[in-house]
Amino acid sequence: MNPFDFSTGPDRAGSDSIKWRRYAGRDVIPMWVADMDFAAPPPVLDALRARLDHGVFGYADPWPSVLEAVIEGIARDHGWRIEPDWLVWLPGVVTGFNIAARAVGQPGDGIFTATPVYPPFLHAPAHSDRRLVTTPLVQNGTRWEWDWPATEAAVADGVRLFMLCNPHNPVGRVFDRDELTRIAALAERHNLVICSDEIHCGLVLDPATPHIPIAALDESVARRTITLMAPSKTWNIPALYCAFAIIPDAALRTRYKRAMAGIVPHVNVLGLTATEAAYRDCGPWREALIDTLRANAARVVEVIDALPGVATTPVEATYLAWIDCRDFLQARGIANAAAHFEAHGVGLSDGKDFGLPGFVRLNFGCPPSRLEEGLARIARAVA
Ligand SMILES: Cc1ncc(COP(=O)(O)O)c(C=O)c1O
C-alpha cells in the first residue's frame, strides 16, 4: 500500500505552470517540461509553512542543518562523503553548468558533450564564447552507449571541459562504473575538467543500476570534477531554485566562484528550507514516488513498443522516455513528430532540440490515469 497518493495531483490547468500554460484552453495533455504533476512531499510543505510563519525574509546563508541534511543525504543515498567546504550554492543547475563553461579554459576552447542531450547543454558553449564539440551516443539494442573512439577523437579537438549528464536526460541511462571509469581515464589523458550534471540522481528506477557520482570513483577524478546536484527533480521543487556544485579541489572551486562573482545571486531562503526537509525527511516519499514512476515507465515501454513504427528504450532513471519515431515519420511522410502528436492531443518535447530529430521525449511524471490517456492519444496518432 502506497502511503502517499500519486493517483491524482493538484489541478495545474490555469496555474502558473509553464508546462500547462502552453496548452491553455486546448485539449492537449502537457507531457513536455521536466517537472511532475505531483505536490511536493508533506515534510517540504510543512517546513515551508513554518518558515512563512516566521514572517521575515532577510538575506540568508545556508545554515548548519541544511549543510548536514545535504551531506548526510548524499552519503546515505549515493555512498559519497563530501566536505562542507566543497559546496557552492546556486540558484539552478543550468546556472551551474554555464558557470563551469566560463570558469574553464579560454574563449575558443572546446566544450564536449554527447548527444542527444538536455538542450541547455548545447547552448552553454556559445554563451561563453566556447566551441560546442559533440559525439552521438549510439543505440546498441535497447541500450544507449558511448562511442568511445569517436569520443576520444572529439575531445582531442581542443576540448577543455567534458559536460556529462548522468543520469542521462533524455536517454534515461545511469552510466555504470565501467563507463564512468572510462570517462575519468579519458579526462585524465586529455587533462579535462568534468562538469557532471547529476540532477536526476535521486530518480533511479532500476535497482540494478545504482547511481555512482563520477567524482566518487577516486580522488584523482574528484580533483578535476564539478558535480551539480539539486533537490529539484527528485522532490519536484524546481521553481524553488536551489541547487549546488560540489567541487573538492580548492583551486578549481576558486576559479568557479570567481566566474560567479557579481552575477549569481544567493539562493532564496525558501529553497534552502525545502532542501533541508527534502534531503533529511523525504526518503519515504521518494521511495513511494519511484514505485509509481517505475510502473509508469513500464507502461510506456509496453504501449509504445507495441505500436507500429515507434520504439523506446527502458528508463533506468528520470521520468522521461525517449521515443524513436523515425520509421513512423518515414512511412507516413510526416516531417515533425512532436507537431503530429500535439495535433492529436499530447504535448511532447521535440527531439530536434536535443540534437536528434525524429525522436520525442515524453514526461511520465504524472498520475497513471493521465499517462494512460496520453498513451491512448499517441496510439491513435500512430494508428
Ligand atoms: C539534466 C538537467 N539539468 C538541469 C536541469 C534544470 O536545472 P535547473 O532548473 O536547476 O536549472 C534539467 C531540467 O530538466 C535537467 O534535465
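In this predicted model, strand β3 (residues 110-115) runs parallel to strand β4 (residues 131-136), to which six bridges join it, where strands are DSSP runs of E of at least two residues, helices are runs of H or I of at least four residues, and both are numbered from the N terminus; two strands are taken to pair if DSSP finds at least two bridges between them.

Residues are numbered from 1 along each chain as its sequence is written, and side-chain values use heavy atoms, with hydrogens and water left out. Local features need pLDDT of at least 70 and side-chain atom pairs count only at pLDDT 80 or more, whereas totals for chains, interfaces and linings use all residues.

An open sheet is formed by four strands in the order β11-β12-β15-β14, with antiparallel pairing. The antiparallel pairing of β14 with strand β15 (residues 359-363) extends over two bridges, and Asp350 has Val360 in β15 as its bridge partner.

His200 lies in the loop between β8 (193-197) and α8 (219-223) and counts as buried because its relative accessibility is 3%. When residues up to four places away in sequence are not counted, His200 touches Pro167, Asn169, Lys233, Thr318 and Leu320, contact meaning heavy atoms within 4.5 Å.

The protein as a whole contains 14 helices and 15 strands. Its radius of gyration, 20 Å, is close to the 21 Å that the globule rule gives for 383 residues, so the protein is as compact as a globular protein of that length; the radius is taken over C-alpha atoms, and the rule is 2.2 Å times the number of residues to the power 0.38. Of the 383 residues, 56% count as buried, and among contacts between residues at least 6 apart in sequence, 73% join residues at least 24 apart.

Key
Buried means under 20% relative accessible area, exposed over 50%, partly exposed in between (1.4 Å probe, protein chains only).
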